[in-house]
Amino acid sequence: MSLQSDSPLAPYINLEQYPIHDLDSPAGRALLERCQKDLRAQGACQLDGFLSAEGIALLVDEAASLSDQTFRNEVEHNVYFEDIEPGTPDDDPRRMMERASQATVAYDLIPEGAGIRGIYDSDDFLRFVGESLEKDPFYRNADPLGAVNLVYYEEGDELGWHFDRAEFVVTMMIQPATTGGDFEYVPYLRSETEENYPRVKSLLEGDLTEAIHLPSQAGTLAFFRGRHSIHRVTPIEGDVLRVNAVLSFADKPGHKLNALTQEMFYGRTA
């Protein structure tokens with residue numbers, strides 16, 4: 001018996017295709033196995049059509065209503081979102097700068113009744129993400145600014161190559177750009193024990209041999225191991241605003257962004 005009609009996620013998520021509300025069913029287990037397999041092999045998993053047509057429309061309207069709450073940043077950063085330590089060699093990739101240009105609505109500005117927060121706060125969604133990433137225990141991010149963000153890119157905006165501060169991030173495409181705004185990444189370019197600076201430097205100098213290009217359509221959900229897999233959002237072209245939601249989780253309680261990252265993307269710290 002389908003639980004779709006009883007789920008608070010039903011207005012937003014295509015539960016018939018992606019039964020995250022019923023993960024113990026054969027279809028639910030098959031979905032988890034697919035996500036786990038993709039993440040192990042590629043460091044990413046993309047689920048097209050995760051949001052229903054109604055869900056896309058609701059979240060597009062919601063994003064439009066919150067667009068006056070954005071903080072617009074135009075900054076240069078290194079791929080680690082860290083200060084450059086004195087004595088770092090001039091040709092070190094930690095000194096190589098990338099561009100970030102976007103507008104972001106911080107978590108504390110998204111109303112509690114908003115649909116995107118309802119998805120994020122859902123225990124069914126938390127379990128689905130955690131089991132897909134094979135993390136137990138698994139927690140929502142504790143950052144008061146960065147737990148959930150709505151991110152807006154207009155023509156000329158981009159997010160340069162970087163590693164995430166969190167081990168994994170979940171993104172939801174609400175409205176893609178006409179051209180550009182695609183996700184590119186190199187899976188597992190570094191590890192907990194090997195920074196792999198030569199390969200990072202080669203990528204930043206333009207060697208895209210290992211880069212994987214993932215365009216996405218409205219309604220796509222993506223999981224990504226962003227701490228170890230370097231990635232970027234390519235420059236936006238055209239007059240259609242690219243809007244996506246970034247939902248952050250952690251395998252330890254109390255995870256927060258560092259002050260440098262908060263200041264960069266929200267113009268303040270918390």
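Lys and Arg count as positive and Asp and Glu as negative, with His and the chain ends left out. Each charge sits at NZ of Lys, CZ of Arg, CG of Asp or CD of Glu.

This is a predicted model: local features need pLDDT of at least 70, side-chain atom pairs count only at pLDDT 80 or more, and totals for chains, interfaces and linings use all residues. Residues are numbered from 1 along each chain as its sequence is written, and side-chain values use heavy atoms, without hydrogens or water.

Q: How many positive and negative side chains does the protein have?
A: By that count, 23 are positive and 47 negative. The centres of the two sets lie 5 Å apart.

Q: What share of the residues counts as buried?
A: Buried means under 20% relative accessible area (1.4 Å probe, protein chains only). Of the 270 residues, 50% pass.

Q: What makes a set of residues a nonpolar core?
A: Its members are buried Ala, Val, Leu, Ile, Met, Phe, Trp, Tyr and Cys residues joined through side-chain atoms within 4.5 Å. The largest such core has 47 residues; Phe125 and Phe249 are among those touching the most other members. A second, separate core has 13 residues, including Phe81 and Ile236.

Q: Which residues does Phe125 touch?
A: Contact means heavy atoms within 4.5 Å. Not counting residues up to four places away in sequence, the partners of Phe125 include Ile20, Phe50, Met172 and Leu247.
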